[in-house]
Amino acid sequence: MSGSLDFWTDEVLLDPHPHYRALRDLGPVVWLDAQQMYAVPRYTEARAVLGDAGTFCSGQGVGLNDMVNGIGAGTTLMSDGQLHAHLRSVIGPGLTPRALRSMRGTVEQLAAERVARLIQQGSFDAVADLARALPLTVVPDLVGWPAGGREHLLEWAGAAFDLLGPMNARAQRAGPKVQEMLEFAARTAADGSLLPGGLGAAILEAARHGELQPAQVPPLIVDYIAPSLDTTISAIGSAIWLLATHPDQWAALKADPALIPNAFNEAVRLESPIRAFSRVTTSDTQLEGYDIPAGARVIVLYASANRDEREFGRPDDFDVSRTNASAQLGFGYGTHGCAGQGLARLEGQAVLQALVDQVEAIEPGRPVRALNNLINAWASVPVTVHPTRHAAAAGA
Ligand code: HEM
């Protein structure tokens, strides 16, 4: 099977789902003429590829062009086998359930305070004023990123995701910004300005003990900053937009806040923050009877797999009670499954909990889509919120 559409034009990126559906109908493995790569647009094969890291490796990069796969070589995201296991073990302790438990109170308090302040305003942008607030505080603090270097983080992280796509105009524009980010990370690692106690300091410590080469340090630090911002902001922004535009689902969540974790999964399923990553085959292989030669690049379309009608009933509906929402692949799956998903869930659920506690109704304004090669997100989601009687009394 082959498809001739370029899935990375502005038009498709702004409304990809009808095109993904057509791609799923073409078959379980489709050759994309525009990218000269295979794609797996359906759920079962996407999960199978992610679950077989021996045949579908990450060490030759998971981006969609050679340049970014060269820059990212040796990061957690773009490594295999023992090196990958070692890199995850360096960062792991900072993101374990135990470590996250100790952050929970702070994160929930930040979310509650932010929502309380926004309620006083009445109308605000749920992306700029709310979705960005937690990721931009929590992750840089976790990494120990110096306070003086935070103003560029969003621009740099967005550029990193543009550069991970095919080498189109967006990726070319992103190149210099990614370079800037890597240089900043290298300076920060060298001049001792990483704050003590963070993941960055743990990486430096591992390098001091000879567990990592000095050259591995800056990309590893970036490895933990870059994938954690736009993704989480996208998920929180999408969740708020979905709840604002589906009053019945908002009412269901208000009636039963225990559904919050499921609602967050459902938002990630429906609006997959990362559209796709890729793998390279280490040997000739077959998927569903389709031959794929060794050395081929295979694009795993999380965003398409998550709306596969073969897996999810009424796949385009937003249903906070969906029984298999947690089967979504938005955080990946298998060995390379998202290392930060516990933290992302903590942040997302804290924001939804604060809204459920303090807001009676959310009215949507007119949202604006963001355009990025790999991140699917809203640039802006204007909303007007009506506080609960309790929250109104507390703010009066
Ligand atoms: C809603 C938010 C997030 C989404 C949707 C998301 C999505 C993903 C996906 C799909 C992968 C798999 C990559 C692959 O298959 O090759 C991944 C890996 C990764 N994520 Fe996340 N992510 C999120 C938040 C975070 C956060 C908050 C952090 C850091 C604190 C983080 C750090 C990482 C790292 C380090 C990897 C590489 C893991 C590996 O290759 O072993 N992510 N993420």
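The questions and answers below go through this predicted model.

Me: Which helix supplies the largest share of the lining of the largest cavity?

Reply: The search finds two cavities of 30 Å³ or more. The largest holds about 640 Å³ of space. It is lined by 35 residues, and the closest to its centre are Pro227, Ile274, Cys338, Ala339 and Gly340. At least two lining residues each come from α5 (81–91), α8 (133–143), α12, β6 (277–281) and α16, but the largest share, seven residues, is from α12.

Me: Which helix gives the largest share of the lining of the largest pocket?

Reply: This pocket has about 450 Å³ of space. Its lining counts 21 residues, with Leu154, Gly158, Asp230, Ala370 and Asn372 closest to the centre. Elements that each supply at least two are α9 (153–163), α10 (169–190), α12 and β12 (378–380). The largest share, five residues, comes from α9.

Me: How many residues of the largest nonpolar core come from helix α12?

Reply: The core has 129 residues. Trp145, Ile299, Leu343, Leu355 and Val383 touch the most other members. Helix α12 (residues 217–245) provides the largest share, which is 17 residues.

Me: Which residues does Leu343 touch, leaving out those up to four places away in sequence?

Reply: Leu343 is among the core residues that touch the most other members. Sequence neighbours up to four places away are not counted. The contacts are Leu95, Leu100, Met103, Val138, Val139 and Leu142.

Me: In which sense does β13 pair with β5, parallel or antiparallel?

Reply: Strand β5 (residues 123–125) and strand β13 (residues 382–387) are joined over three bridges. Ser123 stands opposite Thr384 in β13. The sense is antiparallel.

Me: What is the bridge partner of Ala361 in β13?

Reply: Strand β10 (residues 359–364) also pairs with β13. That pairing is antiparallel and runs over five bridges. Across from Ala361, the partner in β13 is His386.

Methods:
Residues numbered from 1 in each chain as written. Predicted model: local features only at pLDDT ≥ 70, side-chain atom pairs only at ≥ 80, totals over all residues. Heavy atoms only, no water. Core = buried A, V, L, I, M, F, W, Y, C linked by side-chain atoms within 4.5 Å. Buried < 20%, exposed > 50% of the residue type's maximum accessible area, 1.4 Å probe, protein only. Helix = DSSP H or I, 4+ residues; strand = E, 2+ residues; numbered from the N terminus. Contact = heavy atoms within 4.5 Å. Pairing = 2+ DSSP bridges. 1 Å grid on protein atoms, 1.4 Å probe; cavity = no way out; pocket = protein on both sides within 12 Å on 5 of 7 lines; lining within 4 Å. Points joined across faces, edges and corners; volume = space filled by probe spheres on them.
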